[in-house]
Amino acid sequence: MRIVDSSGGNLVFKGDGTLQSPEVQWLHSFYFVLTVFTTVGFGDMSAFTEAEIGYVCFTMLLGAIVNSIILNEVISTLTRLDENSTRVQQQMQVVQDFSEHCNLARPLRKQLLGPRGNPAMRDARIMRRVRTPGLPMDRVGGDLDGPGHEGLLKDGGKHFSGVDEALLKNIEACKNLAQITKSSLGPYGMNKLIVNHLGRHFVTSDTNTIVTELEVMHPAAKLIVMAAKSQEQESGDGTNLCVSFGGELLLRAEELLKEGIHANDVYKGYELARDKALECLNAQVAWSCEDLKSVEQLTKCVKTAISSKQLGCEGPLAKLVAEACVQVMPPTPSKFDVDNVRVTKVQGGNLNSSFVVEGMAIARRSSGVENCKEKAKVAIYAEALELGSTETKGTVLLESAEQLMNFSKGEEQKMEEMIRAIKEVGVDVVISGGTISDMALHFLNKYKIFALKINSKFELRRVCRTVGATSIVRSGPPLPEECGYVESIKVEEISSEPFTIIKTRDSKISTVVLRSASPNVLDELERAIDNAVNVVRCTARDPRFVAGAGATEIELAHQLQQFGATVPGLDQYAVLKFAEALEVVPKILAENAGHSHVDAITALYAAHQKGETAAGIDVDAGPVCNALEKGILDHMETKRWAIRFTLDAVLTVLKATTCSGAPANTCALVFFVGNGGG
């Protein structure tokens, strides 16, 4: 159907009554012209036969059908494109309307809610719960003009707040860390196989090594790791107690938070329980070391610390540590230095072949031909034994053999004069922190002087402290007050390896020479000795010990339960949970030994209610034993520091209700400490 509009144009309608677009009209016109051109193009038809005319008609019919199909496909494609264009225009209009609405939202909010500094308007705003279009309800009543937490951080930064988002997630991270280390507590603790970022393997049950090589990144778990490291620096032992006890305290706090108790109530209850536990700990003293220069008493002090790392080896190891510590114990025991007890590891042999050297054992042979000297003076040079070279370079032309022989004669004379002067002072041993030139070594051998090279400057300082010498930073003979003295220095072969053994009179350093079959076992033995020496250091400051094997923890838990019944308010629940958390030590000891922790803790409570305060876990035969009779002792000050450091970390985690972090590609992580609560 064709209708002429008011402007004189033609309006073409389809058969169904819809208006046909101009593009479709143009295509129909094109098709008509194409058909006419095809028909007329054949010219005069009288020259063709009937067969040829039939063939031409068939060809024209087939072309018309093909053109019709192509035309329909083109029309449908154009129709779809037109519909998509219309839809996109509608969506753009919606976005534009929303943008204009958001630009008007801020002035509208200011007009409706009033200025922030007007208390009456602010109270009215909260009471009416005004909801501005486009403003979420969780923003009403807040700082509407502020940039928000996301505006303070970089793109990709995260912000968490509240009990569910921040606090419980932090607690979960600390619990996972404690779960890793708690199975290594006690004499039957399991080793952990750790591969660090450098590909180095560690097979150890030492908690300090575990948390160091794990490289913990979570900010809350890092607080527990820092508490363990502080414990290691202060006491040298009890790091596993810090991590396991901290994880258990947070587990109990999580139970209280899920029951609806505010984090501040848990915080206050834990503080009360900590103060009471430290007060009760003073009454748990079971034994004191009276003579720090007695090998027997020091052996009793360190035996428990070694057995928790190397069960079955505590006898010989404790004796070696005690002998080494007695040799270097100063007149004032509180000045005992753990660096004075050194460890040298020799692969080969067994632990029974280990021994203590009253001096130093250096894994190195002498540089010259002299291998033994007794009652000799020692000169220690921090620099190399060689003549200085000139600052400029030059070329020397040698024309005869005589010139070649005389070329270095001046240097030889100067070097010989220096070595002769050292020998005239009475020095028979020269130790250098740098290189020893061939010319210097030649004259040292000529004058029968023992020569030794030490590369480490820290080892050189220990040698100075051992022999009582002063490190010399100049060339030439030493002054009399700069010389040291050794009873003997000789090269010995231990397990096919050369060692230089330095023995002195009234030595300030002693060395434990450890022997075992593999490097991993030697490393574990060295860690056990390090813990034992630190126990001696703590004993020199405070000689008091308490019963081990979990006896002290159960007794503290028993007394805290009685104390918790007298605490008013919601703090009582936190005090009781603190007492339950102390059960983690005997519980883990029993589980790692293969016993039922329920039966063990029940038997312990029954024994402590009868007044048996020394009752602890028997990891060998049964659930309960007398810790004092078996010689299981823990240093009291070590436990005191462990409780302090652990509670500091736990209380910090409980007070942290907001955690904001930079994007993952940056290394910065900000940890905000709030006022507690949800």
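This is a predicted model: local features need pLDDT of at least 70, side-chain atom pairs count only at pLDDT 80 or more; totals for chains, interfaces and linings use all residues.

Numbering runs from 1 along each chain as its sequence is written, and side-chain values use heavy atoms, leaving out hydrogens and water.

Switch to cartoon and you'll have 21 helices and 21 strands (DSSP runs, H or I of at least four residues and E of at least two, numbered from the N terminus).

Next, select Thr304, Ser307, Ser308, Ile632 and Asp634: of the 47 residues lining the largest pocket, these are the closest to its centre. A pocket here is an open set of points on a 1 Å grid over the protein atoms alone, where a 1.4 Å probe fits, with protein on both sides within 12 Å along at least five of seven lines; lining residues have an atom within 4 Å of a point. Its volume is about 930 Å³ (the space filled by probe spheres set on the points, which are joined across faces, edges and corners). Now colour helix H10 (295–307); H10 supplies five lining residues, the largest share.

Then pick Arg342, Val343, Lys345, Glu526 and Asp530, which lie nearest the centre of the second largest pocket among its 27 lining residues. This one comes to about 620 Å³. Highlight H16 too: H16 gives the most to this lining, seven residues.
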